[in-house]
Amino acid sequence: MSITAIKGFNDLLPSESGLWQFIEQTARQVFARYGFNEIRVPIVEKTELFCRSIGDTTDIVEKEMYTFTDKGGSSLTLRPEGTASVMRALIEHKLYALDSVNKLYYMGPMFRHERPQKGRYRQFHQIGAEVTGASDPLIDAQVLLMVSRLFQELGLAEPSLQINSLGCPACRPAYREALVAFLAERQGSLCEDCRRRQGTNPLRALDCKVPGCVEATQGAPAMVEHLCPDCNDHFAAVQGYLVSAEVPFSLNPRMVRGLDYYTRTTFELVTGLLGSQSAVAAGGRYDGLVEQLGGPAVPGIGFALGVERVALLLGDRSFERVPDLFIAVMGDAARTAGFRLMETDCEGKSLKSQMRRADKLKARYSIVLGDTELAAGSGALKRMEDGRQQTVALIAEGIAGAITGG
Ligand code: ATP
Ligand code: MG
């Protein structure tokens, strides 16, 4: 019996990789414009890193992590997200001392033990960006602006931006109490998870998808109504900048996010086109995280998008790469001249069958290289769509000039 891949772990086939490269390249371009540099962090980290940052009572840490003990007896985890690792690296390499504001982006696989379905996998890919060292609401707005520009440049009108504020350690405790009191009166209608989490992570009830919980939490107090003056001003300023930059958004006071480190501005890009996998990108501010991980008190904000979900949204577009030029070779001299330049026949095929391949590849131009052409130093460049031919010198510049000149 042949060996298959693990459930929830996918191959990305050549028919799909063009689309992924387009997504990655577009992200790199947009990030570069806003001053971000790439950071590449390991795929495996000490388990403790994720427990301390994402939070012990979150779904990710409670049920979704790929954790194992290595041969040396250490508990290691395949990263379920990128922010924790990037902050670990920021602290470890003292990047915060090199520059007061650091703008970093990453892309790569993440691992969560979830039930695989369309848009939800066990190995999936994120593209994310983080800004540390700036707490000004202008930065929150710029990150949001950058995300929406990215989706624009990907050619996606969906998804739409929803924002919320989760307050700070000054105002969240009082809100939490108000919410716990509200939930206590509706104990009976809550699911088991939400009842259990009331002492540890009551905010998660607002995010619970169980219909009973959705109904029971209608009219629950909202964090935005309990913000301290500083958080309130900050959130108002973020919205002001978004309006001035004409970034469309809506307020979602029920958005709580599944990670504990968030403070103040949080956001999701949601779509109705992917069923229950509605979040395409998400992020927020995490002002206490760097300190919590043993670094200095450096504020931060970031986001990550799910590449598989973006690819699903872009799905029906063709990202086939077509060659500009196809060289057909005839005879030994041409074979030895041709193979140095680019893909040429390696099976001794007839000219006719080489030209069939040029058609199959949808090559824009073709040229036949044989003894005559080699001797003359020129050949007939054929435009495939209409068969028009022109004589070109057999030098790269000559051919390239003819191709770009149409
Ligand atoms: P969801 O509510 O769908 O579980 P999440 O809140 O757990 O999403 P984040 O941790 O915020 O997701 O990750 C950011 C993005 O990564 C998501 O918006 C989504 O596009 C993508 N993502 C998260 N988990 C998966 C997964 N298991 N498979 C594919 N993409 C995922
Ligand atoms: Mg999740």
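How far does a backbone N or O atom of valine 280 lie from an oxygen atom of ligand 1? The legends below describe a predicted model.

**Figure 1. Polar contacts of ligand 1.** An oxygen atom of ligand 1 lies 3.0 Å from a backbone N or O atom of valine 280. The side chain of arginine 257 places an N or O atom 2.4 Å from an oxygen atom of ligand 1. At tyrosine 121, a polar backbone atom is 2.9 Å from a nitrogen atom of the ligand. On its own, ligand 1 has 590 Å² of accessible area, of which the protein covers 88%.

Figure 2. Helix 4 spans residues 83-92 and is mostly covered, with nine of its ten residues buried. The buried residues are Thr83, Ala84, Ser85, Val86, Met87, Arg88, Ala89, Leu90 and Ile91. Their cover includes the helical elements helix 2 (47-54), helix 5 (95-98) and helix 11 (289-292). Strand 2 (44-46), strand 5 (102-111) and strand 6 (123-132) are also among the covering elements.

**Figure 3. The residue following helix 4.** Lysine 94 follows helix 4 and has a positive phi, near 45°.

Technical notes: Residues are numbered from 1 along each chain as its sequence is written. Chains are lettered from A and ligands numbered from 1 in the order in which they are written. This is a predicted model: local features need pLDDT of at least 70, side-chain atom pairs count only at pLDDT 80 or more; totals for chains, interfaces and linings use all residues. Side-chain values use heavy atoms; hydrogens and water are left out. Buried means under 20% relative accessible area, exposed over 50%, partly exposed in between (1.4 Å probe, protein chains only). Helices (H or I, at least four residues) and strands (E, at least two) are DSSP runs, numbered from the N terminus. Contact means heavy atoms within 4.5 Å. A polar contact is a pair of N or O atoms within 3.5 Å; within protein, one must be able to donate a hydrogen and the other to accept it, and residues adjacent in sequence count only if both atoms are side-chain atoms. Accessible areas come from the Shrake-Rupley method with a 1.4 Å probe; for residues, only the protein chains shown count as cover.
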